[in-house]
Amino acid sequence: LASLQGPLPLEVMSSPAATPSKDWPASEVDLEAAATPPPPPPRRRCWGRCCLAAFCLAAVLALAIGGSLALCSTSSLAECKLCRGLNYLLLPSGEPASNLPHDASTRILNGVAFPSALAVGDEELWFSGGGDRYEYGLVKVYTAASYLSRDYFHECDPAEAPFSEIVASGDAKMMVLHMHYPASIDEVAESINKHLAPRLPQATAATTLRHLSGALTSNKIAQGGLHPGDEIFLSCEAGTMSVAFGAADDASKKALSEPGLCKAFWGIYLSKSPVFDAVKEGMARGFPERAAALCGVEAEALSGGWAQDLAASAAALPQSAAWSAAALEHEAEVLEHTVEEDLSSLAAKLRGGGPGGEA
């Protein structure tokens, strides 16, 4: 090729077999072809490999979860927070739905049945709503239900619940904590004290928190730990808080007359800046409903009293009518006898021609 003079013919340059040497100037067509990347190889579907990878990943996760639950089942690790969280999220809690009948005597709050009313001593407290307490927005720790005495319900149709009055008043009230998450009583006491501390009088806060922790942790029922379905009853009246487990009037309940304790405790839920909004929101709905229900019960009782009085009066009417008829008959007989005597006397005078006979 080096001995040829002049350019190669066009058909030779365009032929696929023609490959220019490194010394021969490349044409624009060759430069463009060299700059164009080769097409990608055809993609192969990976259904088989993808399914195998997913299966292997699921198997690894199952083994990890199973191994974690097996480790958490040992006595040494059963009480750690991580294990309790895994058990809560992965295993059924075993909590009974409720052993209370779902009728007018109960109220259902977020799936938990609470009595419509609770008797504490001589006071009857009425269910007034509540809400759930969540930890980290994921784990439901307990459901709180509020109970108030009749003294808080001044109107049949209140525009809103009197939260400030409920917090400050010394009238009877109660908060029932229905547990969903297993916890030790020490953890519950620590959590309550943490939120109470900034709301208590500074001079007595340390003593109050120590006494409250003692009342919570000394209970024999709670010393074995709190489990789903267990309930704590925290009632207040005249500035005294009572702490009970299992029942509102449990014989082992403790009374605490610490200054500011009741106001601080209810402020956790109902103050202008509550720690847990759900309870206050639930009471905002439940309080008016309870007020209307109480007014309806009292109106029904009042109308029932009127009906009883009317029924008694109606039953007495026939007897009263019989007495009146007998009295009238007796008066008629007396009057008839008197008239007969007068007529007989007058006839005798007329026949005898006595004085006044002519007249």
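**Salt bridges, aromatic pairs and surface of a predicted model**

In this predicted model, the side chains of E135 and R133 meet in a salt bridge with an N to O distance of 3.1 Å, a salt bridge being a side-chain nitrogen of Lys or Arg within 4 Å of a carboxyl oxygen of Asp or Glu. Residues are numbered from 1 along each chain as its sequence is written, and side-chain values rest on heavy atoms, with hydrogens and water left out. Local features were required to have a pLDDT of at least 70 and side-chain atom pairs a pLDDT of 80 or more, whereas totals for chains, interfaces and linings use all residues. R133 is buried, with a relative accessible area of 8%, while E135 counts as partly exposed at 25%; here buried means under 20% relative accessible area, exposed over 50% and partly exposed in between, with a 1.4 Å probe and protein chains only.

By the same rule the count of salt bridges comes to three. In another of these, K140 is joined to D132, the closest N and O atoms being 3.8 Å apart, and both K140 and D132 are buried. A further salt bridge is formed by K253 with D249, with a closest N to O distance of 3.3 Å; in this case K253 is partly exposed at a relative accessible area of 32%, and D249 likewise counts as partly exposed, at 43%. In general terms, side chains of opposite charge can pair when their charged atoms come close.

At the level of the whole chain, the secondary structure comes to ten helices and nine strands, where helices (H or I, at least four residues) and strands (E, at least two) are DSSP runs numbered from the N terminus. Of the 359 residues of the protein, 30% count as buried. Among contacts with a separation of 6 or more, 61% are accounted for by residues 24 or more positions apart, a contact meaning heavy atoms within 4.5 Å. The accessible surface of the protein comes to about 23,100 Å², and 61% of it belongs to carbon and sulfur atoms; accessible areas come from the Shrake-Rupley method with a 1.4 Å probe, and for residues only the protein chains shown count as cover.

The average pLDDT, the predictor's confidence in each residue from 0 to 100, is 77 for the protein, and 67% of the residues score at least 70. Over residues 73-79 the pLDDT is below 50, and this stretch has seven contacts in the model beyond near neighbours in sequence. Residues 90-102 also have a pLDDT below 50, with 19 contacts beyond near neighbours in sequence.

Aromatic rings were examined next. Six aromatic pairs were counted under the rule that rings of Phe, Tyr and Trp (its six-membered ring) pair if their centres lie within 6.5 Å, with planes under 30 degrees apart counted as stacked, over 60 as edge-to-face and the rest as tilted. The rings of F127 and Y147 have centres 5.8 Å apart and planes at 75 degrees, and the pair is therefore edge-to-face. This pair links distant parts of the chain, since F127 lies in strand 4 (residues 123-135) and Y147 in strand 5 (residues 139-148), 20 residues apart. F127 is buried, with a relative accessible area of 10%, as is Y147, with a value of 0%.

Y269 and F276 form a tilted aromatic pair, at 6.0 Å centre to centre and 50 degrees between the planes. Both partners are buried, Y269 with a relative accessible area of 3% and F276 with one of 11%. Ring pairs link F265, W266, Y269 and F276 into a cluster. In helix 9 (residues 261-270), nine of the ten residues are buried, so that this helix is largely enclosed by the rest of the structure; the buried residues include F265, W266 and Y269.

Helix 10 (residues 277-352) holds L335, which is exposed, with a relative accessible area of 56%. Together with V339 and L343, L335 forms a nonpolar patch on the surface with about 290 Å² of accessible area; patches are made of residues with over 30% relative accessible area and no salt bridge, like charges being joined within 9 Å and nonpolar side chains (Val, Leu, Ile, Met, Phe, Trp, Tyr) within 5 Å. An α-helix has 3.6 residues a turn, so residues three or four places apart point the same way. A292 is also placed in helix 10 and counts as partly exposed at 41% relative accessibility. The C-alpha atoms of A292 and E155 are 8.2 Å apart in space, although these residues are 137 positions apart in sequence.
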